[in-house]
Amino acid sequence: MLGSERGVVEEWLSEFKALPDTQITNYAATLHRKKTLVPALYKVIQDSNNELLEPVCHQLFELYRSSEVRLKRFTLQFLPELMWVYLRLTVSRDRQSNGCIEALLLGIYNLEIADKDGNNKVLSFTIPSLSKPSIYHEPSTIGSMALTEGALCQHDLIRVVYSDLHPQRETFTAQNRFEVLSFLMLCYNSAIVYMPASSYQSLCRMGSR
């Protein structure tokens, strides 16, 4: 890692720590302008022996649990790389180097399985029943009825659950690893349209390894 790249990461680490709450929104709006930061962070994540890895993982988690959605997406862009490095280190049984990445992944998972009140979330969507008219079929029986929440409530709705309740996890095990990582990829996919090209490249590399 070059000295200039290290300096960029260290500046980012210290900058956010000193940031007052009133400046979080402005900071989130300008973070994407730091063109050299993202490549430097990838180099830190890829090097399990880098002494900056632990503070970087800690700060990525702090960004993710903030109320600013753009900061969450900033962390989320590194998820494919974090997952790949975690799996690589798991295979090599290098648990000491893997600890901070594992903690970050579990932290994101535990945040996402619960709502703001701490209740476990069920991810689902609803579709109208085909037994009654809707905008998708038998349009002649609907007339000019607008598709409003009230109008939909007049029909039988079918609830489709695509991610059921998930328990909190304190550690990765061979039994829960696939479940946790699959859920994290679901979180990534839900925001994939907001990811930069570098994140797509990382995702493709992870899928081809």
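A charge is said to sit over a ring if NZ of Lys or CZ of Arg is within 6 Å of the ring centre and within 35 degrees of the ring normal. Arg73 meets that rule here: its charged end sits over the ring of Tyr194, 3.5 Å from the ring centre.

Before going further, a word on what you are looking at. This is a predicted model, in which local features need pLDDT of at least 70 and side-chain atom pairs count only at pLDDT 80 or more, while totals for chains, interfaces and linings use all residues. Residues are numbered from 1 along each chain as its sequence is written, and side-chain values use heavy atoms, with hydrogens and water left out.

Let's start with the overall layout. The protein has 10 helices and 2 strands; helices (H or I, at least four residues) and strands (E, at least two) are DSSP runs, numbered from the N terminus. Along the sequence, they follow the pattern α-α-α-α-α-α-α-β-α-β-α-α. Of the 209 residues, 39% are buried, where buried means under 20% relative accessible area, exposed over 50% and partly exposed in between (1.4 Å probe, protein chains only). Contact means heavy atoms within 4.5 Å. Among contacts between residues at least 6 apart in sequence, 69% join residues at least 24 apart.

Now look inside. A nonpolar core is a set of buried Ala, Val, Leu, Ile, Met, Phe, Trp, Tyr and Cys residues joined through side-chain atoms within 4.5 Å. The largest one has 52 residues, and those with the most contacts inside it are Trp12, Val56, Phe74, Phe78, Ile101, Leu105 and Leu184. Elements giving two or more residues to this core include helix 1 (3-17), helix 7 (95-112) and helix 9 (177-190).

The aromatic residues deserve a stop of their own. Rings of Phe, Tyr and Trp (its six-membered ring) pair if their centres lie within 6.5 Å; planes under 30 degrees apart count as stacked, over 60 as edge-to-face and the rest as tilted. That rule gives 6 aromatic pairs. In one of them, the rings of Phe16 and Tyr27 have centres 5.6 Å apart and planes at 45°, so the pair is tilted. Phe16 lies in helix 1 and Tyr27 in helix 2, 11 residues apart. Phe16 is buried at 14% relative accessibility, and Tyr27 is buried as well, at 5%. Elsewhere, ring pairs link Trp12, Tyr42, Phe74 and Phe78 into a cluster.

Phe74 also takes us to a helix pair. Leu60, Leu63 and Tyr64 in helix 4 meet Leu71, Lys72, Phe74, Thr75 and Leu76 in helix 5. These two helices pack at an angle of about 145°, with their axes 7 Å apart. Axes here are lines fitted to C-alpha atoms, for helices over the stretch in contact, and angles run from 0 to 180 degrees between N-to-C directions.

Thr90 lies in helix 6 and is partly exposed, with a relative accessible area of 23%. Leaving aside neighbours within four places in sequence, Thr90 is in contact with Asn98 and Arg177. Ser14, in helix 1, is partly exposed at 44%. Ser14 and Gln59 are 45 residues apart in sequence and 9.9 Å apart in space, C-alpha to C-alpha.
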